[in-house]
Amino acid sequence: MPAPLRDARFTVLLLPFERTTCHRKGTRKGPPRFIEGSLGLERWDEELRQQTYKAGIHTLELPPRGQAARRYFPRVEAEVSRILSLGGKTLFSIGGEHSLSQAIIPPFLKRWPGLSILHFDAHADLRPAYEGTPFSHACALYPVSRNCPVVQVGIRSVAEEEARLVGQGEVTTFLMHEHRDIRKLAAKALRALTDTVYLSIDLDGFDPSVVPGVGTPQPGGFSWHEALDLLRTVVRAKKVVGVDVMELCPLEDDVSSEVAASKLVYRLMGWLLNSR
Ligand SMILES: [Mn+2]
């Protein structure tokens with residue numbers, strides 16, 4: 001039930017871009033499968049007891065047309081800037097690989113200079129470059145971590161070369177094995193974040209039993225309810241101005257990953273709708 005752009009409270013930007021995934025290929029199929037997953041959802045949100053879609057959801061797509069990051073990312077940045085300039089429409093960007101966040105976040109930082117990032121991921125993603133390129137999924141948060149506070153949750157895979165950046169400077173890292181109590185973790189994350197927050201969600205932050213369809217799975221991630229408790233706390237306490245949901249790499253014969261991803265987005269929209 002799509003809404004015209006001018007009436008929409010939420011915009012969904014589909015970014016089927018994939019260049020550097022390593023273990024399993026297929027993140028370019030993430031956005032279309034995300035839409036398929038969303039079609040199976042009930043429009044009635046059973047937690048919030050409301051029909052969130054009635055606020056208006058407008059979906060756009062920016063096809064990469066075979067372009068490399070060097071050419072595609074400036075187009076992504078321009079499109080994000082255009083949508084933000086319309087005002088009053090929270091943008092959800094759906095990947096595609098996580099390196100896209102490098103192009104999505106700068107327009108948010110321009111508009112909200114006090115922004116901080118809640119980075120939900122299994123991986124620290126703080127390498128300055130990986131396999132010869134700074135545009136890799138392994139470097140997703142490196143550039144923005146030089147400019148604004150980044151608070152990392154779910155992290156359970158860190159390269160030796162990243163270890164010096166984890167928990168240093170603007171980066172606050174809550175390693176998964178040290179922060180198992182979600183209520184305490186949420187309270188600590190709130191203290192580390194500023195008032196205005198951007199959510200960058202790599203679906204591999206979830207446990208693979210919740211979202212098996214990711215390129216680089218890691219054991220020991222958040223359960224569905226742990227993740228939702230954490231994110232609900234943040235959305236209620238802060239002003240969340242944008243969200244990306246990345247690295248959906250759908251499986252052939254299992255739709256649970258795209259259902260989880262689209263249900264997560266719909267729930268986030270519902271919380272946002274109720275928090276203003
Ligand atoms: Mn990751």
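Here are some questions and answers on a predicted model.

The model is predicted, so local features need pLDDT of at least 70, side-chain atom pairs count only at pLDDT 80 or more, and totals for chains, interfaces and linings use all residues. Residues are numbered from 1 along each chain as its sequence is written, and side-chain values use heavy atoms, leaving out hydrogens and water.

Student: Which residues coordinate the manganese ion?
Tutor: Donors are N, O and S atoms within 2.8 Å of the metal (3.2 Å for Na, K and Ca); water is not among the atoms, so sites may look incomplete. Here the distances run from 2.2 to 2.7 Å. The donors come from Asp121, His123, Asp202 and Asp204.

Student: Is Asp121 buried or exposed?
Tutor: Buried means under 20% relative accessible area, exposed over 50%, partly exposed in between (1.4 Å probe, protein chains only). Asp121 has 0%. Asp121 is therefore buried.

Student: Which strands stand at the edges of the sheet?
Tutor: Two strands pair if DSSP finds at least two bridges between them. The open sheet has the order β4-β1-β5-β10-β9-β6-β7-β8. Each edge strand has a single partner, so one side is left without a neighbour in the sheet: these are β4 and β8.

Student: Which residue in β8 is the bridge partner of Val153?
Tutor: Strand β7 (residues 150–155) pairs with β8 in the parallel sense over five bridges. In β8, the partner of Val153 is Phe174.

Methods:
Helices (H or I, at least four residues) and strands (E, at least two) are DSSP runs, numbered from the N terminus.
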